[in-house]
Structures are given as C-alpha cells and as structure tokens.
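Q: I am new to this structure and would like to go through its strands and helices. Could we begin with how the strands pair?

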Amino acid sequence: MERDGLRHATLPKTRNMRMKTTQRTIPDRSSPGPRTATSVGSIHQDGSGNYATGGSNKTIRARNKIVIGTWNVRTLREAGMIEQLEYEMSRYRWNILGLCEVRRKHFGKILTSDGHKLYHSGREDKHEHGVRFIVHKDSADAVLGCRPISSRIMTIRLKAAPFNITIIQAYAPTTDHEDEEVEDFYNEVLKTLNEVSKKDIIVVQGDWNAKIGEDVQEDWKGTCGQYCNQATNDRGLRLLEFAKYNDLKIMNTFGPHKPSRKWTWHSPGGEYHNQIDYILIKRRFQSSVNIAQTRSFPGADVGSDHELVMMTFALRLKKNKKRGNIRIKFDVDKLKDPNILTTFQANIGGRFAPLLALENDQDLTPDDLAETFNETLTEEASKLLGKPRVKKKKVDD
C-alpha cells in the first residue's frame, strides 16, 4: 500500500526497520485524566497580521544546546493525545517541536498542565491539515511571536542571543495533489521566508512529502547529504531547488546513521520505509549543527506512521582576529588636477547614492553602513589616486 502516491523502495525487513509494536504504559486515551490542557486564548486566523505573543521574553543562549524537532502526528483531536505527546517527549531533551497534520481548526494557543505552550494554525471550515508548535516550559518565555500563515504553514520566533531564532513549520501537499497546489505551497513558504529577518537563525522544517535520494548527490552536493532514500522523486527535486535557491541545507541527510534512524515514514506493516520529513537550516549556521544528534527517533510513539525527527544545535561563530588601525595613504596631490577631482567626485557620488537608499533598511545597523561607506571610499581612492610616490633621499658624496 502506498501512502499519498509516494514511490517506495522495498527493503529487507530487519529488527531496526519494523514498525514499532512495543506496548507502553501511557495515559488513558479515553480521558485526559489529571493532566489537562488549558486554553489561554484563541485567535481566529484572519490574514497574516495575527500574532500570538510571548510572556516575559526570556532570552535563550544560542551557544548552549538547543533541540528543535518536527513530527507528523497524524492527529491531536482525540482525547488524551496531547497528554500522550507530552508523555513521549518527557523522555527526550527538547526545546521546541513543530507538528504536522494536527487537524485543529483556526489559530489558537493552549497551555498544558506541565507548563508547555502549544500554538496551532488550521483551516477555518474543517479539521484538515493543521500545523502546531509546542514550546517547552523552560523556553516558553522566550517566544517573541507566533504567526499563522495557513493550515500548512506557521512561524515562531524566539528571543535568543546573539541572534534570534525563527522556525517555519511546513506541511506540504501529498503527491496526489495537483502540481499547481504544490507550487502555490512553495511560493507561500518562500514569501514567508523572505519576510524573516536575515539576521535570525532560520530553520525551515516539516513533512515535505518528498523523497531525496542518493541518485542526485553529484548535482546537489552541499545541499543534501548521501544518507537518504535510494531514489529521488519529482517533489524531492522541487525541495532541492527550494533549498538551493534559499541557501538552505537539508541537515538530517548528512549523518551516517543506521536505517532505523534515517527513515521518517513507514507503510502499514512496515514493508516500505522512506525519508520524507526534513529539517533545513541556513548554510551560514551549518557548522553549529550536531550531525550525530540530528536524526529520527523511532522510540517516540503517538500512533503515527511518521517518526519524530530532531536536530541538536549549538551556535559556533568564528572569532575575528583584531587588527590594529591600518592607515592607508593615497596620493592626494592628484586631486589638484581639476579633471581627476571631478572624476573622483562623480564616482563617489554614484557609489554612495544606492547606499543612502539602504539607510532605512531595518537589517542594516549604523556600523554596517559605516563599514560599507569606508570600503567604497577606499576602493575609489585606490583606483584613481593610488599610493603616494616615495621620495628618494639624496645621498651626499
């Protein structure tokens, strides 16, 4: 049986690759029991301007370990499902988890009895699709805002030092949907990504319903790793194009993990196994990802055919070597020539005009502008003036 039209690779059944059948003691699904979730506000989705804001805005230290995950849970509508999710996640270290296919209406925020915050975005008319973020209670106060885009896309921003963190949770249409609908989805994700501050640590994750395989390693080297499916489908190529265009790396394809920690989806009965859930991060921050701890976690179970996928991240920045003030001398005597002076002024004016237009860019700091002006001035002076002539000392006979 194929789920949503995905092509499957038939693999030999092994102990590590079978569907999970282990019975666990979990809260009773028929009743929420003593661990209840309390609604602390519901905002109906009414365009892209609606936000749910955080509390005291505690700052997360990005240089410490941060664990971000994604999971297609298939549904959270049944009684006791939130409690079961909390129970499963209590066995792992995590900060924020993005969920797909939660099947909840509207946009809302829920506070669990454990203190975790849940934000969900769904359709207005029926329980279909739906994405959600669950933020650990230790990180809940760092939420700057949560923005519902659609029933398939949602963003959350966390206050962190030295850079804030923005996560985009996406749930792509399955392969039985028309290509136009898939293209509209990617355009919406791209629009959302373009609205994020370029200074943020940006993570784009979710269920992409796409297969990236070993057969595209030569053409897409650097965008994805070799630890993935055997073959790539059309939706996988579309995801690769999106990642390459936006300078993103598909991080859970780079780790040499055993198959059970690579697959993210299993067919009923465990006959087929695929990797279709991915976590992407900006290339700038790829060195901060712990590849060994970025994988699927088959031990977690909420009755879904998808696996929990998590990425461990600790910011690493290159140290800039401090250089002393370097004074560059130019042959300013050339400016006495009216022709050279006029040319120099014209070149400087032409270069400064577009820079002045960037003055109101929120992503540019005064230091950035000052550095850009200095570089421009130095470059033009080097072209027209050059270094001053060195006067030779007269040698007495």
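Q: Which residue in S16 is the bridge partner of Val204?
A: In this predicted model, the bridge partner of Val204 in S16 is Leu280. Strand S12 (residues 201–207) and strand S16 (residues 277–282) run antiparallel and are joined by five bridges. Two strands pair if DSSP finds at least two bridges between them; strands (E, at least two residues) and helices (H or I, at least four) are DSSP runs, numbered from the N terminus.

Q: What should I know about the model and its numbering?
A: The model is predicted, so local features need pLDDT of at least 70 and side-chain atom pairs count only at pLDDT 80 or more, while totals for chains, interfaces and linings use all residues. Residues are numbered from 1 along each chain as its sequence is written, and side-chain values use heavy atoms, with hydrogens and water left out.

Q: In what order do the six strands of the open sheet come?
A: The order is S8-S9-S11-S12-S16-S13, with mixed pairing. Strand S8 (143–148) and strand S13 (248–250) are at the edges with a single partner strand each, so one side of each has no neighbour in the sheet.

Q: Which strands does H2 lie across?
A: H2 lies across strand S9 (153–158), strand S11 (165–171), S12 and S13, and runs at about 20° to S9. Angles run from 0 to 180 degrees between N-to-C directions, and axes are lines fitted to C-alpha atoms, for helices over the stretch in contact.

Q: And which strands does H3 lie across?
A: H3 lies across S12, S13 and S16, at about 140° to S13.

Q: How do H2 and H3 cross?
A: The axes of helix H2 (residues 179–194) and helix H3 (residues 234–245) come within 12 Å and cross at roughly 20°. The two helices are therefore roughly parallel to each other (angles under 35 degrees count as roughly parallel, over 145 as roughly antiparallel, 65 to 115 as roughly perpendicular and the rest as oblique).

Q: Which residues meet there?
A: Among them, Tyr186 and Leu190 in H2, and Leu239 and Phe242 in H3; contact means heavy atoms within 4.5 Å.

Q: Changing topic, is H1 buried or exposed?
A: Eight of the nine residues of helix H1 (residues 81–89) are buried, so H1 is largely enclosed by the rest of the structure. Buried means under 20% relative accessible area, exposed over 50%, and partly exposed in between (1.4 Å probe, protein chains only).

Q: How many residues of S4 are buried?
A: In strand S4 (residues 96–100), five of five residues are buried.
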